[in-house]
Amino acid sequence: MSGDSALERLKREGRIVVVGASLAGLRAAETMREKGFAGSLTMIGDEPYEPYDRPPLSKQVLLGKATADRTALPRRRDIDAKWRLGVPATGLDMTARRVKLADGDEVEYDRLLIATGVRARPWPNEEEAALEGVFTLRTRDDGAALERRLAAGPRRVLVIGAGFTGSEIASACRERDLPVTVAERGAGPLVGALGGVIGEVAAGMHRDNGVDLRTGVMVTGLEGDSSGQVRAAHLSDGSLVEADVVIVSLGAQRNTDWLAGSGLGAGPRGIACDAGCRAFNIWGIVTDDVFVAGDVARSPHALFGYQFLSLEHWGNAVAQAETAAHNMLSEGVDRRPHVWIPAFWSSQFGVNIKSVGVPSMGNEILITQGSRDERRFVGVYGYQGRVIGAVTFDQCRWLDFYEQQIEHTAPFPLPFTTVDRRSEGNKPLDADFPDPSVPTHGPTITLSGYSPADRQMTFTPAHN
Amino acid sequence: MTEGILRQILDYSSRANPYPLYEELRKTPVFHDGDGPYVVSTYHEIKSLLHDPRISSDSRNLATVGDLLGEGDGEEATALPPSFLKLDPPDHDRLRRMTNRPFGPPHSPHRVHDMRGELGGIVTGLIDTISEQGDPGRIDLVEEFSYPFPVTVICRLLGVPSEDESRFHVWADTLAASLDPDPDADPAERVKKTQDARMELGMYLAGLIEERRKNPTGDMLSELATGQGPDGAMSTMEVLSTSALLLIAGHETTVNLITNGMLTLLRHPEVLDRLRTDPALSVPIVEELLRYEPPVQLVPQRTPLADIEMGGVTIPKGASLWLILASGNRDPQRFKDPDRFDPDRPDVQHLGLGSGIHSCFGAPLARLEAALALSELARRLENPRLLEDPPPYRQNAVLRGPRHLPIACDSILPA
């Protein structure tokens, strides 16, 4: 062992910068300190707050059961960082190893971690988006502002987009006994992430809870009154929905704009990196000092055909941050891959929804336990004869088993009987994912790469 | 050494320290000997089977009934329907869900939390009684503390009127004794006593349920008897078998958790010292205890619905399957230095409360009871010490714990 390698110097007196004072950024910083990093640590965040937890924003916060300013993330340990909060990063100079900040400052690094995450996709018409009463929900401020409006008792709420966030918002509105309309461009709620078979179950949940659910329609325009307050929305089927609160819930955009021109392999789908969280430059060459973690990263996963996956999942942000932090302080064979099995959860209309694997890669679904009618079931997704994903509605204690099946590339359909297999569970169904050429609210998993073994790229819509 | 290893585990002489036998067993993660059960002893394999939807808890799926344990649970004796512990989905899910409504989140997030003061009062009362009527030079912690505590708690939880608590204790004692085969007792007489107790308890509970249906009082029994969730209401028989389950499972395990806990603390006086000044340490102590000395050592009533391949062995459909939780908890493949009692362990995802759909229903209550009990004992007993090590154990290899725990202390501090 060399007495004073570059790595040891880095650990002792290096400069590490984390852009993104978020869940991933915080967990990475904690991991680095845990692993003995004693140098200077700078945390840069565009919001004025220390890292906070987002899942409650669309649930407990909207119900008024928790307040948005009380969702700060618990700390695993002291990280002794220099915080640059409320100042967005605006650029990256990889040659000089500097991050440029909006206030004109520049911060030098020896190793950089980018964890800038995603932001809510805004309503495309800026004028309409600026109307009073039009919201998106991503940040703590969004959550607080929306909760205030819901507490004031609007006459009707319109949610545009029935993905997970949109559905959770609709659920919270109904729990507050507010009239709510949901407009979804796809055939049903959650279809982008879980397909039409499950979308149908989700649609039933909306309707049984009194949501005015409109599917297969687009909102073509928002209308305000003379004071600039939103008043109504026009739908593509010619109908008009009068609403004084409109929540735009059309998925997320990755925060990579600030990296334009930096030479980093960053774009609208995120920042490409290897399985060890090292970012690629635009030539596809791996960098050795720029790392990425969380929603903004897209990395290849061996279990899913080396697809580049970007995951908007809480657990992924934590696991990827820990791996990135480990690799930032390691060299060569000591580095380890991030091979997390995608997993997410949601809570809506009193139902706990959890999923593992990549359901949206599957084309068939088999209900292995429970029943869709009762909204308590396990659905297993198959892809080319193997198990690729699973979803549970109020049955999450079985999920470990299905995660194992995915890890072991078990055959699909599963050949055995289970303790609770009803008649509907004997035959796989077409999972009914929408044609990828028709946009819906985005799934929380984006597939964006191809196997190195693929000789050509072809576009294969799910339905002819 | 694997020859007859199950017999050795079940043999009373191994009761005080079965862990070397478990270590031996782990060399064959899926062990099968002749026509005995398939025994799984390693952490990851147990965990995976606990989540495996091919594994049934319903004894009707068992092809061969192994008699190695030599005891029935007596449920058949009173023709009660099986409790959800011994059912599969969807019946299990429905009953557990209905039972959970009045017990825990999301519908009753405060039930256990709100009992904290009451539990503290019971603990204080029991220690006061020892102080006033007992002899600090010789306390049987089981008889005087860790046994009466959980029974009293279950009475309060269910809503057994305090004037009936003493009768209830007697039935509970008898039923608990039936789970603890005593080789010296006359088996016929035991069976009769157990059946009588079960019958009397059943009649008593049925009467109470009837009463609560008319005048609900907000306790668990009232809620179970009158609960109107999306699943409808429980039948009287279902309320009976559910409350019997809560009664037995609710204290047979906690008594051992507390007793094993105090025994372990007395063997680790440095930890006991820390607990004395820092009651909050009781939370990680209880968690580590559930790993290190779990009250439920093994789960002997599972059966595969299909052949399952594991560790190079095919566990056939209908076979009797034993999951040795306590062995998995000491699997060095999962826990670093597993034989060390270390309440500061950062990663303690043990199997002490099971896992999967049958994971311990009463876990939040058990944790709270044990934490309160141990921290108060640590605080009030001055210079406590073991009078016998190992103490005499109960016969039972499944619900393992000392029958008596004779301890002494210099004095008992006021509450």
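Visitor: What does B:Asp339 count as at 44% relative accessibility?

Guide: B:Asp339 counts as partly exposed at 44% relative accessibility, where buried means under 20% relative accessible area, exposed over 50% and partly exposed in between, with a 1.4 Å probe and protein chains only. The structure is a predicted model, in which local features need pLDDT of at least 70 and side-chain atom pairs count only at pLDDT 80 or more, while totals for chains, interfaces and linings use all residues. Residues are numbered from 1 along each chain as its sequence is written, chains are lettered from A and ligands numbered from 1 in the order in which they are written, and side-chain values use heavy atoms, with hydrogens and water left out.

The partner of B:Asp339 in a salt bridge is B:Arg330, with 3.1 Å between the closest N and O atoms. A salt bridge here is a side-chain nitrogen of Lys or Arg within 4 Å of a carboxyl oxygen of Asp or Glu. B:Arg330 counts as buried, at 5% relative accessibility.

B:Asp337 forms a salt bridge with B:Arg340, and their closest N and O atoms are 3.6 Å apart. Here B:Asp337 is partly exposed, at 47%, and B:Arg340 is partly exposed as well, at 42%. In the other pair, the side chains of B:Asp58 and B:Arg60 meet at 2.6 Å, N to O. B:Asp58 is buried, with a relative accessible area of 10%, whereas B:Arg60 is exposed, at 62%.

Over all chains, the search finds 56 salt bridges. In chain A, a network of salt bridges links A:Arg15, A:Arg98, A:Glu106, A:Glu108 and A:Asp110. Across the interface of chain A and chain B the rule finds 2. B:Lys47 and A:Asp400 form a salt bridge, with 3.9 Å between their closest N and O atoms.

That leads to the interface itself. There, 15 residues of chain A are in contact with 20 residues of chain B, contact meaning heavy atoms within 4.5 Å. On the chain A side, A:Arg397, A:Trp398 and A:Val419 lose the most area to chain B, together 43% of what that side buries. The two chains bury about 1500 Å² between them, 57% of it on carbon and sulfur atoms. Buried area is the accessible area, with a 1.4 Å probe, that two parts lose on being put together, summed over both.

Chain A has 9 helices and 30 strands; these are DSSP runs numbered from the N terminus, with helices (H or I) of at least four residues and strands (E) of at least two. Of its 464 residues, 56% count as buried. Its radius of gyration is 23 Å, which agrees with the value near 23 Å for a compact globule of 464 residues; the radius is taken over C-alpha atoms, and the globule rule is 2.2 Å times the number of residues to the power 0.38. Along its principal axes the C-alpha trace spans about 70 × 60 × 40 Å.

Two strands pair if DSSP finds at least two bridges between them. β26(A), residues 364-371, runs antiparallel to β27(A) and is joined to it by 7 bridges. β28(A), residues 386-393, is also antiparallel to β27(A), again with 7 bridges. A:Phe377 in β27(A) stands opposite A:Gly370, and its bridge partner in β28(A) is A:Phe393. The hairpin of β26(A) and β27(A) has 4 residues between the strands, and A:Arg375 takes a positive phi near 60° there. The hairpin of β27(A) and β28(A) has 2 residues between the strands, and there A:Gln384 takes a positive phi near 50°.

Back in chain B, 3 strands form an open antiparallel sheet in the order β4-β11-β10. Its edge strands are β4 (139-140) and β10 (385-386), each pairing on one side only. β10(B) pairs with β11(B), residues 406-408, over 2 bridges, and B:Arg385 has B:Ala408 as its bridge partner in β11(B).
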